[in-house]
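Subject: Structure handover

Hello,

Here is the structure I said I would pass on. My notes on it follow below.

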Amino acid sequence: MTIFEALRESHDKQRQLLELLVKTHGDSEGRDELFKRLRAELENHAAAEERALYIPMMEYDMTQEKARHSVAEHHEIDELIETLESTEYDSPGWLASAKKLQHLVTHHLEEEEQEVFQLAGRVLDDAHKTSLAKTYQQEMEARHAS
């Protein structure tokens with residue numbers, strides 16, 4: 001498995017959780033559970049992805065700018081999660097913010113899969129792609145265990 005395949009698995013999970021989350025209503029157990037699962041997935045994924053993909057990409061001139069851009073988008077996502085955390089589930093603004101999060105994350109994932117992965121694929125050799133997948137998976141396992 002390459003780093004790109006490992007990341008796509010998490011991307012698919014994020015898309016599914018977002019799709020389910022924006023269909024929830026009010027201050028419900030379902031909304032609370034989905035939001036907590038999504039928040040954990042996004043936080044764990046971003047930290048592991050930065051370590052396993054973006055830090056190595058920053059070592060190359062060709063991929064440095066794209067890596068920095070993607071890390072900046074992670075921070076935008078974090079800020080939107082903080083907004084959702086400080087908003088009551090039954091507030092009309094909560095669903096609007098959740099939809100904004102869905103749009104932002106979906107855009108970020110598409111950009112990664114269509115641009116970042118191709119660019120990184122040009123600078124990383126096959127062995128590096130495989131070893132980075134292991135780094136990513138170990139980081140995700142460690143974060144899920146804590």
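Contact in these notes means heavy atoms within 4.5 Å. By that rule, and leaving aside its neighbours within four places in sequence, Arg15 is in contact with Leu109, Glu110 and Glu113.

Some background first. The model is predicted, so local features need pLDDT of at least 70 and side-chain atom pairs count only at pLDDT 80 or more, while totals for chains, interfaces and linings use all residues. Residues are numbered from 1 along each chain as its sequence is written, and side-chain values use heavy atoms, with hydrogens and water left out.

The domain record

UniProt, in an unreviewed entry, places the feature "domain: Hemerythrin-like" at residues 2–120. UniProt positions are given in the numbering used here, feature names are shortened, and annotations may be inferred rather than shown by experiment. Over residues 2–120 the chain is 86% helix and 0% strand; helices (H or I, at least four residues) and strands (E, at least two) are DSSP runs, numbered from the N terminus. The end C-alpha atoms of that stretch are 12 Å apart.

Arg15 and Gln102

Arg15 lies in helix H1, and Gln102 has its place in helix H4. Their C-alpha atoms are separated by 7.9 Å, although the two residues are 87 residues apart along the chain. Arg15 is partly exposed, with a relative accessible area of 25%, whereas Gln102 is buried at 18%. (Buried means under 20% relative accessible area, exposed over 50%, and partly exposed in between, with a 1.4 Å probe and protein chains only.) Not counting residues up to four places away in sequence, Gln102 touches Leu18, Glu19 and Val22.

How the helices pack

Axes are lines fitted to C-alpha atoms, for helices over the stretch in contact, and angles run from 0 to 180 degrees between N-to-C directions. Angles under 35 degrees count as roughly parallel, over 145 as roughly antiparallel, 65 to 115 as roughly perpendicular and the rest as oblique. A crossing is left-handed if the near helix is turned anticlockwise from the far one by less than a right angle, and right-handed if clockwise.

H1 (residues 3–21) and H2 (residues 29–57) have axes that come within 10 Å and cross at roughly 160°. The two are therefore roughly antiparallel, and the crossing is left-handed. Residues making this contact include Leu7, His11 and Leu18 of H1 and Leu38, His45 and Glu49 of H2. By class, the contact has 13 nonpolar, 4 polar and 5 charged residues. (Ala, Val, Leu, Ile, Met, Phe, Trp, Tyr, Cys and Pro count as nonpolar, Asp, Glu, Lys and Arg as charged, and the others, Gly among them, as polar.)

H2 also packs with H3 (residues 61–85): the axes come within 10 Å and cross at roughly 165°. H2 and H3 are therefore roughly antiparallel as well, with a left-handed crossing. Among the residues in contact are Phe35, Glu49 and Tyr54 of H2 and Ala67, His74 and Ile77 of H3. This contact has 10 nonpolar, 4 polar and 4 charged residues.

How are H2 and H4 (residues 92–123) arranged, roughly parallel or roughly antiparallel? Their axes are 13 Å apart and pack at an angle of about 25°, which makes H2 roughly parallel to H4. The crossing of H2 and H4 is left-handed. Among the contributors are His45, Glu49 and Met57 of H2 and Trp94, His108 and Glu112 of H4. The residues of this contact divide into 13 nonpolar, 2 polar and 3 charged.

Regards
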